[in-house]
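Hello,

Here is the structure I promised to pass on. Please open it first, then read my notes below.

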Amino acid sequence: MQSRTPRVPQQPAPRPAPSCADIEAGLTAELASVVAGARRRALRDGDRQIDTAHLLHSVIETDPDVRAAFDGGPQVARVLGYLVQRSIGYGLRWQGAVEDSGAAPGAGETGVAGWSPAAVAAMAGALGRAAAREDRRARGLDLLAVLAAEPGCRAAEVLRRAGVDTQLLAGRLHGESRQV
């Protein structure tokens, strides 16, 4: 005899946000340095959390491959100029607010202490890009590709305001990851 109770397919349990240890374990030494720099920058700027703009600033300053991904030195200089302006006070509209691009599960919640939801999603995305190419560790270009591809994050806003075509940059980096 068949049961009259309809069978409801089981939904996978939501994946918990990765911890700081989970994130940092999957980073190259260079990208771990980027995270440390972003953490110092957030603290110095008086921000409660590392956001994607902190990550962008740190990865551009730290990684020569990331700087080379832009359309020349003037474009890098414009991006860094905008980020420096933000760090000296022109980004005050962001200060004290949690960055939430909607990319992170549980958007609006921090998920990882000291990280904005969008920064957690960006780091998880960078780790995912590394895994897709069967690499255990994410690199700076992985992080840049994810930041450029997420239109709602602060890093992408900085890039656009500095004249970077984020869709073109993300597409170019996506194509390069398949060749690596």
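Please keep in mind that this is a predicted model.

**Overall**

The chain has nine helices and zero strands. Of its 180 residues, 43% are buried. The chain exposes about 9900 Å². Carbon and sulfur atoms supply 53% of that area. Take the contacts between residues at least 6 apart in sequence: 64% of them join residues at least 24 apart.

**Helix α3**

Start with α3, which covers residues 52-62. Nine of its eleven residues are buried, so the rest of the structure largely encloses this helix. The buried ones are Thr52, Ala53, His54, Leu55, Leu56, His57, Ser58, Val59 and Ile60. Look also at the start of α3. There, a side-chain oxygen of Asp51 comes to within 2.9 Å of the backbone nitrogen of Ala53.

**The core**

The largest nonpolar core has 45 residues. Leu56, Ile60, Phe70, Val79, Trp115, Met123 and Leu143 have the most contacts inside it. At least two residues of this core come from each of α2 (29-45), α3, α5 (73-90), α6, α7, α8 (154-161) and α9 (166-179). Helix α7 gives the most, with seven residues. As a general point, nonpolar side chains in soluble globular proteins tend to be buried together.

Leaving out residues up to four places away in sequence, Leu143 touches Leu31, Val34, Leu55, Val59, Ala122, Met123 and Ala126.

**Asp142**

Asp142 lies in helix α7. Is Asp142 buried or exposed? Its relative accessibility is 0%, so Asp142 counts as buried. What does its side chain make a polar contact with? The partner is the side chain of Arg129, at 3.4 Å. A polar atom of the Asp142 side chain also lies 2.8 Å from the backbone nitrogen of Arg139. Setting aside neighbours within four places in sequence, Asp142 is in contact with Ala126, Arg129, Ala130, Arg133 and Arg137.

**Glu134**

Last, look at the loop between α6 (117-132) and α7 (140-149), where Glu134 lies. Glu134 is exposed, with a relative accessible area of 76%. Its phi is near 65°, a positive value in a residue other than glycine. Most residues other than glycine have a negative phi.

Best wishes

Definitions and conventions. Residues are numbered from 1 along each chain as its sequence is written. This is a predicted model: local features need pLDDT of at least 70, side-chain atom pairs count only at pLDDT 80 or more; totals for chains, interfaces and linings use all residues. Side-chain values use heavy atoms; hydrogens and water are left out. Helices (H or I, at least four residues) and strands (E, at least two) are DSSP runs, numbered from the N terminus. Buried means under 20% relative accessible area, exposed over 50%, partly exposed in between (1.4 Å probe, protein chains only). A polar contact is a pair of N or O atoms within 3.5 Å; within protein, one must be able to donate a hydrogen and the other to accept it, and residues adjacent in sequence count only if both atoms are side-chain atoms. A nonpolar core is a set of buried Ala, Val, Leu, Ile, Met, Phe, Trp, Tyr and Cys residues joined through side-chain atoms within 4.5 Å. Contact means heavy atoms within 4.5 Å. Accessible areas come from the Shrake-Rupley method with a 1.4 Å probe; for residues, only the protein chains shown count as cover.
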